[in-house]
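Trainee: I would like to learn how to read a model like this one. Where do we start?
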Amino acid sequence: MKNFKLKKLLLSSLVGAALFSSALSAEELRLLTWGGYAPDDVIELFKKETGIDVKVTKSNNEDMISKLRATGGSGFDLVQPSQDRVTGAQENYDIYKPMDLSKIKAESFIASMLEATKTNTTLNGDVYSVPHIWGTSGLVVNTAAAKDVKDYTDLCSADLSGKVSYRLKRPTLIGFAFAMGEDPFAAYSDVEKYTELMSKVEAKLVECKPVVKTYWTGGDALLNLLRSGEVTASMAWDTGGWKLNKENKDITFVAPTSGALGWIDTFTLPRKTKNEEAAYKWINFVMQPEIAAQITASAGNFTASEGADAFADDVLKAQFQASFPKEALDNVKWYPPVPAGLEAIEGKVLDRVKAAK
Amino acid sequence: MKAQSRLFFYLLLTPFFLWLLLLVILPHIDMLGIALREQTAPRQYAFSFSNFSEFFKEPLYWRTFLRTAIMSIVATALTLLIAFPVSYYIAKMLRGRSKSLLFLLCLIPFWVSELVRTYGWMILLRETGVISNALQWLGLVSGPVELLYNDAAIMVGLVYTSMLFMVVPLVTVLESLSDDIIEASYDLGGNMWTTMKNIVIPHAMPGIVSGCIIVFMMTLGNYLTPNLLGGKDSLWFTEQIYTQFITRFNWELGSAFGILLLLLSSLIVWLGLKLTKQTLTSTMAS
C-alpha cells in the first residue's frame, strides 16, 4: 500500500515535470553547437522573424556525440557535428535522424560543398547532414621567433625546445602522418594498416616529446601561451591564428606544406528532435548571405552559404588569402568519414605518447 | 504517540534514502552492468570481463592508477604535515577573536571556486608569471623560469585545495583535549616532544585519520588540478576515465575504471585504518 502511494507520487511528479517542460519548449529551438556559431544578434533577428527562441548549448564533436548517446538522441532539436563524425556515430549509437532535403533551400548553399557533405553523411541511403561552417587546422606560428616552421614535423626541431604546444588528439596524429609522407585517410578502412601507421606516428611523437612545453587542452589557454610568447609554434585552428594576427602581426596561421586539415561542421537532426520545423527554419535562415556573413564575423570561419563572401569582413578575407595561396587551398586534406572503432586505435596511441618519458 | 514519532523518523530519513538509492546505488549498478559488457559489432553487446582484464593487462592503465594513488598519498601526508601545526596553533595557542580570525583566514580561499583558485596558481607559476618575474627582478635568476606543468605544481595545487578539509577535523579534535592534561604531562617531567608523542597525537588520532581519508579521497578523485597544472607527462586516473567516456566513446572501459577506482581506493583506506588501528566509526565520531 505504502509502496503504491510512493509510486503514484513519483509518477505524478514526473508527469508534472514533463508537462511543464514541454509547455515551455513549445516554440523553442534547442541548438547544440560550437562557440560563435549562433551569435546573439542572429538569434534576436530569428526571433523577430519567426517568434522562435533559440537556446544555445556550446559543445565540441566528442561532447555532442556523448550527450546524444546518453539520452538516445533527445534533449536537443538541432546539432552541429563535423561531417566526418556523423555516419560512424549513427552506425554505432543510432542518435541522428535522416534529413528531409525538400525542406532545405538548396540554392542558398555552395553547390559543391552541399554535394560533398551529402555524400559523406549518407548511411544506408539516408542523408543525415547539410554543411554549415568550414575551416582548417594547421600551424599557428610566431613568424619572428620560429620562421622555419612550415610543416607539422617541424614542431620537433630542437631549436624550439620548450616553445612548442599541440593537442594530444586525433588531428595531431593525422597531421603528423601526412607530414611523414603517409596517407592516413587512405588507410582508414584497413584496421591493420592504420594501426601500423599509427605506431609510426607514435614513435615520432614520443621522439618529439622533449621539445613540447605542454599539450594544450583548451583553445583559450593556447592563445594565452602564444600571446605571452611562452609558445612560438603550435598546431591549432586557422581562426585562432587570425585572431592573434589582429593583435600581433608576427603571429599567424600557416598552412603546412603537407596540407592543412579541412573540416566542415554540419547541421544534423538528433533522433528525438522535438521541433524539426524550427530546425529547418533556422537552417534556411542562417544560410542567407547577410546572416551567414554575420556568423562568419562571430565564429571567424567561412560558411557554406552561396554569396556570403560579398558581405564578409575584409580583414578576415585578406588574412585568409595570405594563409591560403591557391596551391595551399588545393592541398587542403578534407576529413573523410571516420569509420566506427577508429578512435580506439588512436586512443591507445595518444595514451602511450602521454605516458612516455 | 509512539507510532507517530516513528513515522516522523522515517519521513525525515526518506530524502536521505532516496538520495542514496537514486543517485548512488542505482547508477553504480548500471555502471557495473555497462562495465561487464563488450561491443561485438555496431549496436551489439555481449557479456564479458575483458574491460577489467584490460586494466591489469595494459601497463599504462594500472601504472596510471598507481601513480595517482602514490601522488595522492604524498599529497595527503604533506597536507597533514602543514595542517597539524596550523591546527594546533589555532586550537591550543589562540583564544577568542584571533582564533576565529585565523580560522576564517583558512576558510576564505574556499569562497571562490576550485577553478578560480587553480587559475590563480597558473598566474603565479607560469613562465611569464608573478614568481618568475619577481625572481628575475631580484636578480636571483637570469632568465624566465617555468614552474608550471610539472608534478610539483600539481602537488602544490592539491595540497592547497585540500588544506581546509584537514584543518577542520584537526581543530575539532584538538579543542576537545583538555589543557590540564598537557600541563600534567609537563609537570610529570615530559618535554615538548614526549608530550606531543604520548598525549597530543594519540588523542588527535581519530581527527588525523578522518582528515586523511577525506583529503585522500578528494585528491584521488580530483580532475581539474592535475589537468590544468600538470605537464606533458602528467597522467591522472580520473582524467583517464573522462577520456574513455567522452573522447573514446568507450563507456564500457570507462565504467570498469570507475568501479576499479572505487574498489581500489576503498582498499587503500581500509589498509590505512588497519595500519593506524582505527575503525571507521571511531573516526567518524570525532
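Mentor: Start with the idea of a core. A nonpolar core is a set of buried Ala, Val, Leu, Ile, Met, Phe, Trp, Tyr and Cys residues joined through C-beta atoms within 7 Å. Keep in mind that this is a predicted model.

Trainee: Which residues have the most contacts inside the largest nonpolar core?

Mentor: Leu78(A) and Trp282(A). The core itself has 93 residues. Domain 1 and domain 2 of chain A both give residues to this core, so it lies between them. Look at Trp282(A) up close. Leaving out residues up to four places away in sequence, Trp282(A) touches Leu29(A), Phe46(A), Val54(A) and Leu78(A). There is also a second, separate core, with 19 residues. Val167(B), Val173(B), Val200(B) and Val215(B) are among them.

Trainee: What are the bounds of the two domains of chain A?

Mentor: Domain 1 covers 2-134 + 263-330, and domain 2 covers 136-261 + 333-355. Each is written as two segments. Their centres, taken over C-alpha atoms, are 27 Å apart. In the contact, domain 1 of chain A contributes 16 residues and domain 2 of chain A contributes 17.

Trainee: Which elements supply the domain 1 side of that contact?

Mentor: Helices α4 (87-93) and α12 (314-323) of chain A each give at least two residues. α4(A) has the largest share, with four residues. By class, the domain 1 side has four nonpolar, nine polar and three charged residues.

Trainee: Now a strand. Is β10(A) enclosed or open to the outside?

Mentor: Count its buried residues. The cut-off for buried is 20 or more other C-beta atoms within 10 Å. Five of the five residues of strand β10 (residues 233-237) of chain A are buried, so β10(A) is largely enclosed by the rest of the structure.

Trainee: Which strands pair with β10(A)?

Mentor: Strand β7 (residues 129-142) of chain A pairs with β10(A) in the antiparallel sense, over five bridges. Strand β8 (residues 164-166) of chain A runs parallel to β10(A), with two bridges. Ala233(A) is the bridge partner of Val141(A). Val164(A) also stands opposite Ala233(A).

Trainee: How should I read a helix? Which residues of α11(A) are buried?

Mentor: List the buried residues, then ask what they pack against. In helix α11 (residues 289-299) of chain A, the buried residues are Ile291(A), Ala292(A), Ala293(A), Gln294(A), Ile295(A), Thr296(A) and Ala299(A). They pack against α2 (40-50), β7, α10 (276-286) and β13 (302-303) of chain A. Then check what follows the helix. Gly300(A) comes after α11(A) and has a positive phi, near 90°.

Trainee: Where does Arg43(B) lie?

Mentor: Arg43(B) is in the loop between β1 (37-41) and β2 (44-47) of chain B. Its phi is positive, about 65°, although Arg43(B) is not a glycine. Arg43(B) has 11 C-beta neighbours inside 10 Å, so Arg43(B) counts as exposed.

Trainee: And where is Lys277(B)?

Mentor: Lys277(B) sits in the loop between α12 (251-275) and α13 of chain B. Lys277(B) is not a glycine either, and its phi is positive at about 55°. With 9 C-beta neighbours inside 10 Å, Lys277(B) also counts as exposed.

Trainee: How do I take in chain B as a whole? How many helices and strands does chain B have?

Mentor: Chain B has 13 helices and two strands. Its C-alpha atoms fill a box of roughly 80 × 75 × 35 Å along the principal axes. Of its 286 residues, 28% count as buried. Now sequence separation. Take the contacts in chain B between residues at least 6 apart in sequence: 69% join residues at least 24 apart.

Trainee: How many residues of chain B are in contact with chain A?

Mentor: 18 residues of chain B are in contact with 24 residues of chain A. The chain B side has seven nonpolar, five polar and six charged residues.

Trainee: Last, confidence. Which element of chain B has the lowest mean pLDDT?

Mentor: Helix α13 (residues 280-285) of chain B, at 71. Helix α3 (residues 59-93) of chain B has the highest, at 94. Chain B averages a pLDDT of 90, and 99% of the residues score at least 70. The model scores ipTM 0.79 and pTM 0.84.

Key: Residues numbered from 1 in each chain as written. Chains lettered and ligands numbered in written order. Predicted model: local features only at pLDDT ≥ 70, side-chain atom pairs only at ≥ 80, totals over all residues. Contact = placed C-beta atoms within 7 Å. Nonpolar A, V, L, I, M, F, W, Y, C, P; charged D, E, K, R; others polar. Buried ≥ 20, exposed ≤ 12 C-beta atoms within 10 Å, placed from the backbone. Domains from an automatic or database assignment. pLDDT = per-residue confidence, 0-100. Pairing = 2+ DSSP bridges.
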